[in-house]
Amino acid sequence: MENPLIVAKRKFDIRQWVLVTDWNPLSIWFYMDCYLRFGVEEFSLDNLDNKFIHLTNNSIAKYSEKFEESEIEGSMWDSETFEKHLEEREGYNVWRDKIQPQMKAIVTWSLECVQDAVENRKNSAELYGYDLMIDENYKVWLIEINSSPAMDYSTPITKRMVKAVSEDTVKVLADYNMAPPKKRASVDTGRFELIHKNKRQVDRPQQAFGLNLLCEGRAIK
């Protein structure tokens, strides 16, 4: 992406947790907290070979000589910090009003498209790690979807958030799923929000028909 949103002169991506508790009828839980992973060095398109500028994974960033010097501790922010930053920058809640709704839509559409193609079994669940980016116009782009995302305590941010999402996953899988249907609305699911649940099973999702996944763009030289 040649026009990413830049914060503190750095490129970043977002790791968003999504829990699928059933594929048919499709049931999607969106975690309301996520975290940002920043490049260690200031963003520039003049040097495409510098992985510490363009790759934001902590497993790579931690090897930079400038990692400990970064003004962003651990090269990570939680979404609450990002939300406050954007509100100060734009004068309204960009995160809640513009960005997060796009993220929820992308999550729903991406899972609907593969609903009939993913091997699954009843009474099983999967926690996914969505990697997303935001461009300078606050448009959200899906980069990739990770099954079995990293859950290690790599920074103070991930230590706090991984513990929280792990506990909240149990709340959904045990407390919510085992509660009588009429009482589920009052069950505490932590920071998970049920953003999509089909009312009935389907043989083939409508969203998979005529889908165009062509990626258009131009090479950066």
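## A tour from the surface patch to the aromatic rings

Start by selecting I143, which lies in strand 6, the run of residues 140-147. You are looking at a predicted model, so please keep that in mind at each stop.

**Stop 1: the patch around I143.** Together with I143 they form a nonpolar patch on the surface, and the accessible area of the three comes to about 280 Å². How exposed is I143? I143 has a relative accessible area of 47%, so it counts as partly exposed, the class between 20% and 50%.

**Stop 2: the whole chain.** Now zoom out and colour by secondary structure. The protein chain has five helices and seven strands. Of its 221 residues, 44% count as buried. The chain exposes about 13100 Å², with carbon and sulfur atoms supplying 47% of that area. Contacts are worth a look too: among those with a separation of 6 or more, 66% are between residues 24 or more positions apart.

**Stop 3: the aromatic pairs.** Show the side chains of Phe, Tyr and Trp. How many aromatic pairs are there? The count comes to nine. One of them joins F12 and F38, a tilted pair with 5.5 Å centre to centre and 45 degrees between the planes. F12 belongs to strand 1 (residues 12-23) and F38 to strand 3 (residues 35-38), so this pair ties together parts that are 26 residues apart in sequence.

Next, select W17 and Y31. Their pair is edge-to-face, with 5.9 Å centre to centre and 70 degrees between the planes. W17 sits in strand 1 and Y31 in strand 2 (residues 26-31), so the pair ties together parts that are 14 residues apart in sequence. W17 is buried, with a relative accessible area of 0%, and Y31 is buried with 1%.

**Stop 4: a charge over a ring.** Finish with R184 and Y176. What sits over the ring of Y176? The charged end of R184 does, 5.3 Å from the ring's centre.

Key
Residues numbered from 1 in each chain as written. Predicted model: local features only at pLDDT ≥ 70, side-chain atom pairs only at ≥ 80, totals over all residues. Heavy atoms only, no water. Patch = residues over 30% accessible without salt bridge, like charges linked within 9 Å, V, L, I, M, F, W, Y side chains within 5 Å. Areas by Shrake-Rupley, 256 points an atom, 1.4 Å probe, with all protein chains shown as cover. Salt bridge = Lys/Arg side-chain N within 4 Å of Asp/Glu carboxyl O. Helix = DSSP H or I, 4+ residues; strand = E, 2+ residues; numbered from the N terminus. Buried < 20%, exposed > 50% of the residue type's maximum accessible area, 1.4 Å probe, protein only. Phe/Tyr/Trp six-rings, centres within 6.5 Å; stacked < 30°, edge-to-face > 60°. Lys NZ or Arg CZ within 6 Å of the ring centre and 35° of its normal. Contact = heavy atoms within 4.5 Å.
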